[in-house]
Amino acid sequence: MKKRSKVGVENDAFDRQIDWELRPGGMLVQKRDIGDASSGPMIKIKVSHGSYYHDVIVHAQSTFGDLKRVLAHETGLEPKEQRLLFTGKEKEDNECLHMAGVKDMSKIILLEDPASKEKKLEEMKKNQGVLKAYEEVAKVRAEVDKLSQKIVDFEATLLSGTKVSDKEIGVLTELLMVELLKLDAIAADGEAKVQRRVEVRRVQSFVDTLDKLKVEKQIFFF
């Protein structure tokens, strides 16, 4: 004879504790342990995901939520990113496979949640934008490196007592300003934005150096 010990729990004739749970439809059944092979027979389900098919083996009394957790390892989609359709209807996580009519070799369709898919596309576009910004900043940096060498040459020329024309300094200043405009046109976020700001300051410092050289030249050769 069984005796009730508390709501939802009973002890059987061998004094083993039995947990009960209420399934959809109001049916009271013994609560199962998903990891226990004795919880029911195993069935193979064919899951269609786009152009791919996955053969998944689960307990016959698993829920669609259990199936999603198994599919997460197969597809890389988190359970919350999945939508499961059986006989043309989307199933809730707490619905049981066997109660929905899922049997061995039944076919289920897996769709990625539209909101999740859209979020991934936005993140992909953002990452592509960041990469593009990095590349554009790198191009400007390479060009500025070449121009900075000319500034070093100008400084060496002045120290040797040789004149440098205002025109040469002016042309180099204009070239640096062109690179500065390129930097201003780069749409950047995050670390790419930081790199752009660093390069802007670098270019501005070179322009300031050229202005000082122009003044020093006038004083030196006065």
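1. Two strands count as paired if DSSP finds at least two bridges between them. The model discussed here is predicted. Strand S5 (residues 42-49) and strand S9 (residues 107-112) pair in the parallel sense, over 3 bridges. In this pairing, serine 48 has isoleucine 109 of S9 as its bridge partner.

2. S5 and S9 belong to an open sheet of 5 strands, in the order S6-S5-S9-S7-S8. The pairing within this sheet is mixed. Its edge strands are strand S6 (52-59) and strand S8 (89-90), each of which pairs on one side only.

3. Helix H1 (residues 64-75) packs on the sheet. H1 touches S5, S6, S9 and strand S7 (82-86). The direction of H1 makes about 120° with that of S7.

4. On the side-chain electrostatics, the structure holds 9 salt bridges. One of them joins aspartate 145 and arginine 202, at 2.2 Å from N to O. Aspartate 145 lies in helix H3 (residues 114-159) and arginine 202 in helix H5 (residues 190-220), so this pair ties together parts that are 57 residues apart in sequence. Salt bridges with shared partners join Arg141, Asp145, Glu199 and Arg202 into one network.

5. A second salt bridge to look at is formed by glutamate 90 and arginine 83, whose closest N and O atoms are 3.1 Å apart. Glutamate 90 has a relative accessible area of 40%, which makes this residue partly exposed. Arginine 83, at 26%, is partly exposed as well.

6. Lysine 91 and glutamate 95 also meet through their side chains in a salt bridge, at 3.9 Å from N to O. The cut-off for a salt bridge is 4 Å, so a pair of this kind counts when a side-chain nitrogen of Lys or Arg is within that distance of a carboxyl oxygen of Asp or Glu.

Methods:
Residues are numbered from 1 along each chain as its sequence is written. This is a predicted model: local features need pLDDT of at least 70, side-chain atom pairs count only at pLDDT 80 or more; totals for chains, interfaces and linings use all residues. Side-chain values use heavy atoms; hydrogens and water are left out. Buried means under 20% relative accessible area, exposed over 50%, partly exposed in between (1.4 Å probe, protein chains only). Helices (H or I, at least four residues) and strands (E, at least two) are DSSP runs, numbered from the N terminus. Contact means heavy atoms within 4.5 Å. Axes are lines fitted to C-alpha atoms, for helices over the stretch in contact, and angles run from 0 to 180 degrees between N-to-C directions.
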